[in-house]
Amino acid sequence: MRDAGLRGEDGISREYGEAMKILVTGGLGFIGSTFVRLLLTERPTWTITNLDAMTYAGNPANLADVAGDSRYHFVHGDIADATAVRTSTSGGVDAIVNFAAETHVDRSILDPEAFLRTDILGVHTLLEAVREQGIARYVQVSTDEVYGDVASGESVETDALRPRSPYSASKAGGDLQVLAYATTFGVPALITRGSNTYGPRQYPEKLIPLFVTNLIDDQPVPVYGDGLQIRDWLHAEDHARGILHVLEHGHVGEIYNIGGGNPRTNLEITQTLIDACGRSMETHVTHVKDRPGHDRRYAISSRKAADLGWEPRIPFADGLAATVQWYQQNEAWWRPLKSGEFRDYYHRQYANR
Ligand code: DAU
């Protein structure tokens, strides 16, 4: 398999470390913006182009603090648009890290089509650019949801994909394109599969930011079904570090699970958030109709990423407490997001449950 620009087994940092040019896609989103900020801080000689379609979840406020940095360039465009991709790679790039995605399971149930465009066609368009331009490395940011519901044990990277929602099926489609391009065309691609991610600047449709912001506003929180579903929680900074580690040290053609190692039921998370916000389960929890096809449990083994030298650093209790505090102290960030488009979505999603 081609590993353009790489000389050793241990990744590109030694070859390109001083002046990497990176295209980050979806860098205005939650995990993408965390990654951009990490690069600017910890890889000060790198330059970053951010291609982002500015959908509802791509928020310029996420990177407002770095917008004037000369190492950072923004291109407004869609990864499924070959012209936009060409524009954003025109100066030549050493690597692409693809965060751009439709990510919310509930939205994929209401409106699956957008997921096919970004999560499959968009990936294809990026892979074509990597192939045509001989870009040295492509990292696909994927998800543990492609493994589907895991009744017991932990998913490993060689497990079959059993996605069960339009969202996870689209992400699995993207992953399969990546693997096919690696095999057929020798594209130097890698995949990361992260677990449920939390932290500052997450769009308030997801469990943790939705519940925290509702609780701050003294509103009830909608728990789907019995609330005993299990997710494995990973701080966004740890997730971003994991992706950077795979970019620099991962082996092309390989997949790396990146899990937090913090399995919790949704009710446990809810109780912690209720306590942190000074509310009570009796008055602030509403059990609503379950999500159709709701996966009961995700669990991944991160052994392979650990063998590569990555492990999460942020203890869950500290990370979650700091995250609640961030939303309490940054109402100016989330309050505008909970109006307009969000209100329509919230009504469609929750009104009849
Ligand atoms: O596992 C990684 C995945 O984590 C990512 O690939 C997805 O992009 C991300 O959205 C997340 O998927 P989930 O469906 O697990 O996340 P969400 O925050 O939507 O829900 C977490 C759990 O909380 C899930 O069991 C559904 C439940 N839930 C969620 C919402 C929004 C509720 O009970 N009530 C809610 O209102």
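Start by selecting R279: this residue is partly exposed, with a relative accessible area of 27%. You are looking at a predicted model.

**Stop 1: the partner of R279**

Which residue does R279 meet in a salt bridge? Select D218; the two side chains pair at 3.6 Å, N to O. D218 sits in the loop between α7 (207-216) and β8 (221-224). R279 sits in the loop between α9 (266-276) and α10 (281-284). The two residues are 61 residues apart, so the pair links distant parts of the chain. D218 is partly exposed too, at 43% relative accessibility.

**Stop 2**

Now select R241 and E42. Their side chains form a salt bridge, 2.9 Å from N to O. Show helix α8 (residues 236-249), which holds R241. Then show helix α2 (residues 30-42), which holds E42. This pair links parts of the chain 199 residues apart. Is R241 buried or exposed? R241 counts as buried, because its relative accessibility is 17% and the cut-off for buried is under 20%. E42 is partly exposed, at 33% relative accessible area.

**Stop 3: a strand and a helix**

Next, select R193 and D175. They form a salt bridge, with the closest N and O atoms 2.9 Å apart. R193 lies in strand β6 (residues 189-194) and D175 in helix α6 (residues 166-185), so the bridge ties together parts that are 18 residues apart in sequence. Both R193 and D175 are buried.

**Stop 4: a network**

Select R107, E205 and E341 together. A network of salt bridges links these residues. How many salt bridges are there by this rule? The count comes to 17. Side chains of opposite charge can pair when their charged atoms come close.

**Stop 5: the whole chain**

Clear the selection and zoom out. Colour by secondary structure: the protein chain has 14 helices and 12 strands. The C-alpha trace spans about 60 × 45 × 35 Å along its principal axes.

Among contacts between residues at least 6 apart in sequence, 84% join residues at least 24 apart.

Finish with the surface and the charges. The accessible surface comes to about 14,400 Å², and 50% of it belongs to carbon and sulfur atoms. Colour the charged side chains: 34 are positive and 46 negative. The centres of these two sets lie 1 Å apart.

Key: Residues numbered from 1 in each chain as written. Predicted model: local features only at pLDDT ≥ 70, side-chain atom pairs only at ≥ 80, totals over all residues. Heavy atoms only, no water. Salt bridge = Lys/Arg side-chain N within 4 Å of Asp/Glu carboxyl O. Helix = DSSP H or I, 4+ residues; strand = E, 2+ residues; numbered from the N terminus. Buried < 20%, exposed > 50% of the residue type's maximum accessible area, 1.4 Å probe, protein only. Contact = heavy atoms within 4.5 Å. Areas by Shrake-Rupley, 256 points an atom, 1.4 Å probe, with all protein chains shown as cover. Lys, Arg positive; Asp, Glu negative; His and termini not counted. Charge placed at Lys NZ, Arg CZ, Asp CG, Glu CD.
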